[in-house]
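Reader: Hi! Could you walk me through this structure?
Author: Happy to, let's take a look together.
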Amino acid sequence: MKPSYLRENVLAWFDECGRHDLPWQKNPTPYRVWLSEIMLQQTQVATVIPYFLKFTANFPTIKKLSQAPIDEVLHLWSGLGYYARARNLYKTAIIINRDFNNRFPTTLEGLMALPGIGRSTAGAILSLSLNKPFPILDGNVKRVLARYHAISGSPSDKKVENEFWQHANLHINDHRARDYTQAMMDLGSLVCTRSSPNCQQCPLQKKCRAFKLNKVMDFPEKKIKKKLSNKHYYFLLIKNGNKFLLEKRPPTGIWGGLWCFPQCDYEDNWQEFCFNNFGITPIKFATQAIIRHTFSHFHLIMHPIIITMQKQTPLIRDNSALCWYDTKNPGTIGLSKPVSDLLGISQYDTQTIL
Ligand code: SF4
């Protein structure tokens, strides 16, 4: 292991100023580290903590997770967003239960062969749980390395990404891999932050190239922001007392596998749509104020349409992808945040249109 100014200084800083009491740092098994790493992708630590605690209380082992119904898994993920993460998590749990006797592989390649685990997440599992010297390259670590070494070019460019990995491999610590990985994540999130890096308090300042060049904010190179397009979804809020009719969405795509209000097109005749699909004869339609929700690649404009139906109208077909969701006695199914918000609304500000 070659000496590294970055490694020695970041570890000394970590001992004094790093985070040592995050829930996943207690009993850091591969399962708990993996779960936390997946939850932390694109998500802040403060948001993840209650989800992690609830998830591990319900599924203390990977075996328990693999044996749970997907609806229960998505229910515990509801509101955390990026639901493909939860679906991959579940697939991986099933594979590890079925093929690996509930034990995680202990090699980089073995981990990277599992759904939802890339090189950085595999490195995090190996270093944070087993103290093996594999580096990570999450957003925080990339930012520190980009500034410290003044790495130019887009981090999503393959050549530039390789340069990042070369640097990351040189600094990893053979003996304190767990602490080093946590130290780099902490430095990126607490000191070398995206918009206001605190260089005066940084243990790397003396040798930081971006600081010396007075170009800290030039690294890493920023992504060119694409203008996001708008997509319009029309949701039918079919209500029967405290219950709303919900439909399970297809397993992939937006809110894949979650439950949602039935969706139709603006051109649809909503009365016919309700009758043909659910055997319901609506007696009144009303619109509600639109809701805007931004995904990474588009803005979703939701148009809720409240439907009053004849009392006690039964559904004409038996379909496991439909349910009456009782807001007074909620079931364990996955719901996105906008759908939960809409379910929680009791006073509708409506304009009757039929
Ligand atoms: Fe980041 Fe500033 Fe530290 Fe360089 S000196 S690593 S830019 S906080």
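Reader: Is N131 buried, partly exposed or exposed?
Author: N131 is partly exposed, with a relative accessible area of 27%. Buried means under 20% relative accessible area, exposed over 50%, and partly exposed in between, using a 1.4 Å probe and protein chains only. Keep in mind that this is a predicted model: local features need pLDDT of at least 70, side-chain atom pairs count only at pLDDT 80 or more, and totals for chains, interfaces and linings use all residues. Residues are numbered from 1 along each chain as its sequence is written, and side-chain values use heavy atoms, with hydrogens and water left out.

Reader: Where does N131 sit, and what is its phi?
Author: N131 lies in the loop between α8 (119-130) and α9 (139-148). Its phi is positive, about 60°, although N131 is not a glycine. Helices here are DSSP runs of H or I with at least four residues, strands are E runs of at least two, and both are numbered from the N terminus.

Reader: And what about Q42, buried or exposed?
Author: Q42 counts as exposed, at 66% relative accessibility. Q42 also has a positive phi of about 60° without being a glycine, and its place is the loop between α2 and α3 (45-58). Most residues other than glycine have a negative phi, and most peptide bonds are trans.

Reader: Which residues does a cis peptide bond join?
Author: F219 and P220, with omega about -10°. P220 is in the loop between α12 and β1 (229-240).

Reader: Switching to the ligand, what surrounds it?
Author: R147, C192, C199, C202, Q205, C208 and V216 surround the ligand, where near means that a heavy atom of the residue lies within 4 Å. By class, this shell has five nonpolar residues, one polar and one charged. In that scheme Ala, Val, Leu, Ile, Met, Phe, Trp, Tyr, Cys and Pro are nonpolar, Asp, Glu, Lys and Arg are charged, and the others, Gly among them, are polar.

Reader: Nice. Which residues touch the most other members of the largest nonpolar core?
Author: W34, M39, F55, L65, W77, W255 and F261, in a core of 95 residues. Helix α2 (residues 30-40) gives the most to this core, with seven residues. Apart from it lies another core, of 15 residues, among them L236, I238, I305 and M309. A nonpolar core is a set of buried Ala, Val, Leu, Ile, Met, Phe, Trp, Tyr and Cys residues joined through side-chain atoms within 4.5 Å.
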